[in-house]
Amino acid sequence: METNELYLKTAFCFMACDGEIASEEIKLIKKLAANSDLFKGLNISDLLNSYVDDINTKGEAFLSNFLYDISKLNLSPEIELQ
């Protein structure tokens with residue numbers, strides 16, 4: 001997983017962990033994508049749609065899998081803080 005996708009998926013998981021994905025949260029992510037290089041090179045709409053589908057079908061397992069996946073990444077201290 002590329003760093004920019006890690007940031008996007010992390011933001012999504014934080015949005016979803018309260019059990020609701022508000023449209024305002026999605027709009028904020030899209031605004032960040034449009035106004036910065038944070039998610040450069042990613043198809044934000046496709047990835048967000050994919051994440052929504054996954055969390056709707058897998059529920060808590062989606063979040064558990066995400067936490068497992070990031071535990072296996074070898075991230076620098078700087079990337080971990082970001």
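This is a predicted model: local features need pLDDT of at least 70, side-chain atom pairs count only at pLDDT 80 or more; totals for chains, interfaces and linings use all residues.

Biologist: Why is Gly41 called exposed?

Modeller: Its relative accessibility is 79%. Exposed means over 50%. Gly41 is above that cut-off, so the label is exposed. Gly41 sits in the loop between H2 and helix H3 (44-58).

Biologist: How do you know whether Asn56 is buried or exposed?

Modeller: Asn56 has a relative accessible area of 62%. The cut-off for exposed is over 50%, so Asn56 counts as exposed. This residue belongs to helix H3.

Biologist: How far is Asn56 from Thr10?

Modeller: They are 17 Å apart in space, C-alpha to C-alpha, and 46 residues apart in sequence. For Gly41 and Asp53, the values are 21 Å, C-alpha to C-alpha, and 12 residues.

Biologist: Why is Leu28 called partly exposed?

Modeller: Leu28 has a relative accessible area of 49%. Buried needs under 20%, and exposed needs over 50%. The value lies in between, so Leu28 is partly exposed. Leu28 is placed in helix H2 (residues 23-35).

Biologist: What makes Leu28 part of a nonpolar patch?

Modeller: Patch members need over 30% relative accessible area. Leu28 has 49%, so it passes that step. Leu28, Leu32 and Leu38 form the patch on the surface. Together they have about 240 Å² of accessible area.

Biologist: Now the largest pocket. Which residues are closest to its centre?

Modeller: The pocket holds about 330 Å³ of space. Leu6, Thr10, Phe14, Phe66 and Ile70 are the closest to its centre, out of 16 lining residues.

Biologist: Which helix gives the most to that lining?

Modeller: H1 does, with five residues. Helix H1 (3-16), helix H4 (60-71) and helix H5 (77-81) each supply at least two.

Biologist: How does the lining divide by class?

Modeller: It has 13 nonpolar, two polar and one charged residues.

How values were computed
Residues are numbered from 1 along each chain as its sequence is written. Side-chain values use heavy atoms; hydrogens and water are left out. Patches are made of residues with over 30% relative accessible area and no salt bridge: like charges are joined within 9 Å, nonpolar side chains (Val, Leu, Ile, Met, Phe, Trp, Tyr) within 5 Å. Accessible areas come from the Shrake-Rupley method with a 1.4 Å probe; for residues, only the protein chains shown count as cover. A salt bridge is a side-chain nitrogen of Lys or Arg within 4 Å of a carboxyl oxygen of Asp or Glu. Helices (H or I, at least four residues) and strands (E, at least two) are DSSP runs, numbered from the N terminus. Buried means under 20% relative accessible area, exposed over 50%, partly exposed in between (1.4 Å probe, protein chains only). On a 1 Å grid over the protein atoms alone, a cavity is a set of points where a 1.4 Å probe fits but cannot get out, and a pocket is an open set with protein on both sides within 12 Å along at least five of seven lines; lining residues have an atom within 4 Å of a point. Grid points are joined across faces, edges and corners, and a volume is the space filled by probe spheres set on the points. Ala, Val, Leu, Ile, Met, Phe, Trp, Tyr, Cys and Pro count as nonpolar, Asp, Glu, Lys and Arg as charged, and the others, Gly among them, as polar.
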